[in-house]
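Biologist: I am new to this structure and would like to go through it with you step by step. Could we begin with the terms and then turn to the parts of the chain?

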Amino acid sequence: MTIASTLPELDTKLKQAHLLDTVGALLSWDEQVNLPPNSADLRAAQRAVIADVQHSAASDPHIGELLEFLEKERAQLTEDQRVVLYWARRDYNKATKLPADFVREKAEQSSRGYQAWKQAREKNDFASYAPVLQKNIELAKREAAYLGQGAAPYDYMIDCFDPGMKAAVIETLFDELKIGLVPLVRQITSSKIKAREEALRGFPVERQQTFLREVTQAIGFDYGRGRIDVSPHPFCSGSGADVRMTTRYHADNPLGSLFGSIHETGHGLYEQGLPIALHHTALGRAVGMGVHESQSRLWENQVARSRGFWKFFEPKYRATFPEQLGSISSEELYLAINAVAPTLIRTEADEVTYNLHIVLRFELEKKLFAGTLAVADLPKTWNAMSRELLGLEPANDSEGVLQDVHWSDGGFGYFPSYCIGNMMAAQLWYHVLGLRPQLEDDFARGDFTWLLGWLRKNIHALGRRYDTLALVKLATGEPLSPKYLLRYLKERYGPLYLS
Ligand code: ZN
């Protein structure tokens, strides 16, 4: 073996594994967008076969040999080659260190967990779901142990979604955020000024589609390498070479699909900005969920809820929906775009209160993994925290602890990345405003190229060379801090609700 022959061999193997991943993602996209109702069995079988092939490709023992050789020659490698090697090793370990019967047990538990959660939520019956949750926590701990992370299983789970992030770091960030955010939410929600979202009714779906396409294209989404379709639960999948976004339309909730789509477009722009020839290695891959969310949230919130953005798009919006918007003033429209109303349901939350839903889930996950909270006590603790943080207490578990699907298939450690993304988005926002104070004037002319160009260069082009915290420091010159999110929420929502 030589370095000169090993590197291209590893590259070929990684390319195969990546291509198989994209095939799997495409099958899953198609399942949610196009699949005829009675074809689910065939699709499940197709996905199972592809999953097997994916696993064989990712766990090919020859990859192990190549990695071992390169690790010995590490000193001879360039910085970029080391990045590729590090992540290839991590993926290889994940593919090979879990015993086959554990993987099978986890897969079975995952589908059983989903069914149990669905039933429990329908019947408002937490007790029937509790054993599933208990088992999911045990499986997560066992998985962490197989990968040598048994001493800190919750950190292991967080790291799966947000590489390099740890519970202790998140705790410090969230504690500071909470201190500033809880009183701000109280102030805003007790304001006499209320948005009239209900005034936006009867927006024909076809015209919504036209407007949405115009907006997403204007901010830079390349429809030559991606598309947007309809699915019950919006998502963004695929890679930058072929991004698949979805949305859902409702005639009486036009802002829902518009902002949901701008959010997914933010994810899509990140994927399209990753170096396309390197998608199969860490150099062409997203850092993790936190950074991904920072990109979607930045476009959805800081950009698309700004005055400058609407200076440009309001006339077009009115031209598209003249009757629907006829009796709504510009200020009323802008307030509806920035509506704040506390809700028990995370997925319906506005951007001011959303973060408190995440803080709640993070604190509970942390305690569940530390063993200081028993699964049986989860509903009681959830409700108490909901009252403390949101000022609302669920009337039943369906609108409380049973509302999210994540834990049913063992997705612990995922929630914090939403809030990390929000903090990072706000920090990036003030940093770029410092570099270009006239940024909103750009938006008012329909020009988003400077912002996208900056993100391309300082975030997207870097792939996974840095973890979330290092990337924030590099891009903004400062460590990640919640103070920018607090500042942003005060500066955006204060003038609307507290003046
Ligand atoms: Zn997202």
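Modeller: Before we count anything, contact here means that heavy atoms lie within 4.5 Å. Please also keep in mind that this is a predicted model.

Biologist: Into which domains is the chain divided?

Modeller: The assignment gives two stretches of the chain, and their C-alpha centres lie 27 Å apart. The stretches are domain 1 (3–148) and domain 2 (167–497).

Biologist: How many residues of domain 1 are in contact with domain 2, and with how many residues there?

Modeller: The area buried between domain 1 and domain 2 is about 3,100 Å², and carbon and sulfur atoms give 66% of that area. Counted by residues in contact, domain 1 brings 33 and domain 2 brings 37.

Biologist: Which helix gives the largest share of the side of domain 1 that touches domain 2?

Modeller: Between the two domains there are 13 residue pairs in polar contact. On the side of domain 1, the elements that give two or more residues are helix 1 (3–33), helix 4 (79–96), helix 5 (100–123) and helix 6 (126–146). The largest share, 10 residues, comes from helix 6.

Biologist: With which residue does Arg-285 form a salt bridge?

Modeller: In general, side chains of opposite charge can pair when their charged atoms come close. For Arg-285 the closest N and O atoms of the pair are 3.3 Å apart, which falls within the 4 Å cut-off for a salt bridge. The partner of Arg-285 is Asp-91.

Biologist: In what order do the strands of the open sheet lie?

Modeller: The sheet has 3 strands, and their pairing is mixed. Its edge strands, each pairing on one side only, are strand 1 (226–230) and strand 2 (236–239). The twist from one strand to the next averages 15°. The order is 1-3-2.

Biologist: Which residue of strand 3 stands opposite Gly-238?

Modeller: Strand 2 and strand 3 (residues 242–247) run antiparallel and are joined by 4 bridges. Opposite Gly-238 stands Val-243.

Biologist: Which helix lies across strand 1, strand 2 and strand 3?

Modeller: This helix covers residues 254–273 and runs at about 165° to strand 3. It is helix 10.

Technical notes
Residues numbered from 1 in each chain as written. Predicted model: local features only at pLDDT ≥ 70, side-chain atom pairs only at ≥ 80, totals over all residues. Heavy atoms only, no water. Pairing = 2+ DSSP bridges. Axes fitted to C-alpha atoms, helices over the stretch in contact; angles between N-to-C directions. Domains from an automatic or database assignment. Buried area = accessible area lost by both parts, 1.4 Å probe. Salt bridge = Lys/Arg side-chain N within 4 Å of Asp/Glu carboxyl O. Polar contact = N/O pair within 3.5 Å; in protein donor to acceptor, adjacent residues only side chain to side chain.
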